[in-house]
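Please read the points below with the sequence and the structure open beside you.

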Amino acid sequence: MAVSTKTQLNAATPERSVETTAALSPSSLYFNREFSWLQFNKRVLQEAQDETNPLLERVKFLAIFANNLDEFFMIRVAGLQKQLEAGALKVSVDGMEPCEQLAMIRHELLPLLTAHANCWQRDILPKLKSAGIRILNYCELTNRQRQRLQKYFAQEIFPTLTPLAIDPGHPFPHISNLSLNLAVIIDHPEQGEKFARLKIPDMIPRLIRIPGDGKMSGQNRQNLINTRTVTYVLIEEVVAANLDLLFQSLPIKASYPFRITRDADLEIEEDEASDLLSCIQESVGMRRFGFAVRLEVDKTMPKPLRVLLMKNLHLEPYQIYAVNRPIGMANFLELTKIERSDLKDRPFRPALPTPPMPGEDIFAAIRRSPLLLYHPYDSFSPVVDFVLKAARDPNVLTIKQTLYRVGVNSPIVQALMEARENGKQVAVLVELKARFDEENNIGWAQALERAGVHVVYGLLGLKTHAKICLVVRREGETINRYVHMSTGNYNVVTSRIYTDLSYFSCDLLMGADVSDLFNALTGYSRKDNYDKIWVAPGSIRQRMISLIEREISQHQAHADGYLAFKMNSLVDQDCIAALYRASQAGVTIDLQVRGICCLRPGIPGLSENISVTSIVGRFLEHTRIYYFHNGGQSDVLLGSADLMPRNLDRRIEILFPIEDSRLKNLLINQVLQIHLRDNIKAQTLFPDGHYQKNAPAQEELRVHSQDWMLEHPGLFFAHESVRDKTTCQMVAAVQEESPLPLAFKEEQKND
């Protein structure tokens, strides 16, 4: 089987197309997950191709596309490759075997790689040059510029290089994951043509600024530009032009850049690990030694050299990707540090809640009314201030918090350590298994432990993805609980670029639920029934399906069934099946799924009442909102969980209800509504799997949801009496030109 499978894969043509909607059968009801992800990354690429985006923002999307693809190969493709090598016949929800999926991935990816290269070479690169940002080939430099680079090379780069010969006396070297390399061909006078590998140092920026044009990027990563015109050269070209210093007295015939991608999905035997932290530290260290899954080579690399690399890396031809230079553009994100505001999105100032009433602190403000924030349009500082105030308040007894991705220099972690110094009881669950953040989280866990914080590393077999903070405070003769829950991480940096909803409450039952959940996370409690919050594993899937079924019953009784979900990904087969049943019953369903969507909308007799859109734009859409009309007595839930098996079965997740009528109606009418009516950045998913960009009809109101939110921040804490009249006019105009389902209209009446 192995031989025939590899022959099929090397042909690079899938046996069947996932884009064809066949007769209704289990294998034709769902999109393949990997196919859907590739369509998402295609939408990222389209943002780079969109000439209405500022030039350096387009560069950012090119880099994001490349970085996404690196992670996709390290995790998803590596997983399929492991299944293939093990002879597994496990099929995906759409019925594809691992070999079919690998063939499909290559088939779909090749044109995207070509489009990515063309976007850079033919479109963005010339426009950067016209804007005064020149990225030149070495051959384009003047003699004076070359002399300056030669001096820089000798001082800064040469000491870091280690050429490795390949011959019987020099075995093929280990090539680390995602490292950039040069394959050097040498014309040895006695031994003939020889091959050497040279790793490009990753501690020096990929784009080197020409010396004499301000400070060099190698000397100062943060000071990439001081003038309106700047010139860069790729580091691999600088190294290639100076190979004679490394291979002295030997003719250099040619050199070709290449890069490999390795399996980076950690396999942690948690049940056998006596110390989870040490186990993960060791596993992270082994990531660079995972098996190779992709080899990227320059298109000009001769076939014999490709074969040599392929054989030594134990790869097959279908795993080789010959691409135009430059190879691996994720680190081109460096260019966005250039101080050119005219080539970037216009800056904005996030809104802050109005100050509490005289003498009122944040706890009193939350007691008066729950608070909801929409980041990045609303500032993240109230979240930091909440934890910091709790750390310094003498009446606060205990702080408990989960941390998934907190980033570097985290003020949240600093506040938690300060709380412990101030004598509070502090317990923190730091999820060490947060992919690609393991090392950072290990560092924070150790720092918190040194400060005396009770640190839990996570639960065996589960990732803790829920974002919750509990503050226990003495107030007179009583003990009150304050909770913060969010759809996003406690990360100041990502709060500026991810859209997330952040909720503060002192609801008694919700506080008791969160307290019980922390007891389960830090101890051995097995509570699985909560009054208000939904928790996975356990209840989220069942309760989600139950409310979908309730909507079917309501529609059968009142003909007003409506569901609107906004999420990152939709993969779970049971939830999709429930949505299909609702569509068949006549319930109108609007789904906005930023990334993977395995549901096929628009299939007659199955999903013709379901519409699916996706928004990819300036900010990464990260919110999870689940709206159930329920005959006008609506339920709205927010939380950390997408409808994916990993979220519902293998992660600790929460969804929580928004019960305050004012906040609920604002969520429905001025968040969900605006995003669902976006006709500038939104794209609609069709039954064959392709997406088409929405466009306003002639004289139709243009709705760009992210721009609208930027222009109307503070939706949830502006008093009705002072709310911008333009906001109300905009909402009314959207309702008039794109009539809402009955569900939204009734909610509007109750506002």
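1. Some terms come first: a residue is called buried under 20% relative accessible area, exposed over 50% and partly exposed in between, using a 1.4 Å probe and protein chains only. On that scale Cys139 counts as exposed, because its relative accessibility is 62%, whereas Cys99 is buried, with a relative accessible area of 7%. The structure holds zero disulfides, a disulfide being a pair of cysteine sulfur atoms within 2.5 Å.

2. Please keep in mind that this is a predicted model, in which local features need pLDDT of at least 70 and side-chain atom pairs count only at pLDDT 80 or more, while totals for chains, interfaces and linings use all residues. Residues are numbered from 1 along each chain as its sequence is written, and side-chain values use heavy atoms, with hydrogens and water left out.

3. As for the whole protein, 58% of its 751 residues count as buried. It has 20 helices and 27 strands, where helices (H or I, at least four residues) and strands (E, at least two) are DSSP runs numbered from the N terminus. Of the contacts with a separation of 6 or more, 74% are between residues 24 or more positions apart, contact meaning heavy atoms within 4.5 Å.

4. S1 and S6 (residues 230-234) pair in the parallel sense over four bridges, and Arg134 has Thr231 in S6 as its bridge partner.

5. A second open sheet has six strands in the order S2-S4-S3-S7-S8-S9, again with mixed pairing. Strands S2 (163-166) and S9 (320-323) stand at its edges with a single partner strand each, so one side of each is left without a neighbour in the sheet. On average, neighbouring strands of this sheet are turned by 30° against each other, direction ignored. Within the sheet, S3 (residues 180-188) and S7 (residues 252-262) pair in the antiparallel sense over seven bridges, and Ile186 stands opposite Ile252 in S7. Helix H8 (residues 303-312) lies across S3, S4 (192-199), S7, S8 (292-298) and S9, and runs at about 160° to S8.

6. How do helices H14 and H15 pack? H14 (residues 540-558) and H15 (residues 573-584) have axes 9 Å apart and an angle of about 5°, which makes H14 roughly parallel to H15, a term that covers angles under 35 degrees. Residues making the contact include Met544, Ile548 and Ile552 of H14 and Ala578, Leu579 and Arg581 of H15.

7. Finally, Pro382 lies in helix H10 (residues 381-392) and is buried, with a relative accessible area of 7%. Leaving aside residues up to four places away in sequence, Pro382 touches Leu352, Pro353, Ile362, Leu373 and Phe504. Pro382 and Phe504 are 122 residues apart in sequence, yet their C-alpha atoms are 9.9 Å apart in space.

Note on methods: Pairing = 2+ DSSP bridges. Axes fitted to C-alpha atoms, helices over the stretch in contact; angles between N-to-C directions. Parallel < 35°, antiparallel > 145°, perpendicular 65-115°, else oblique.
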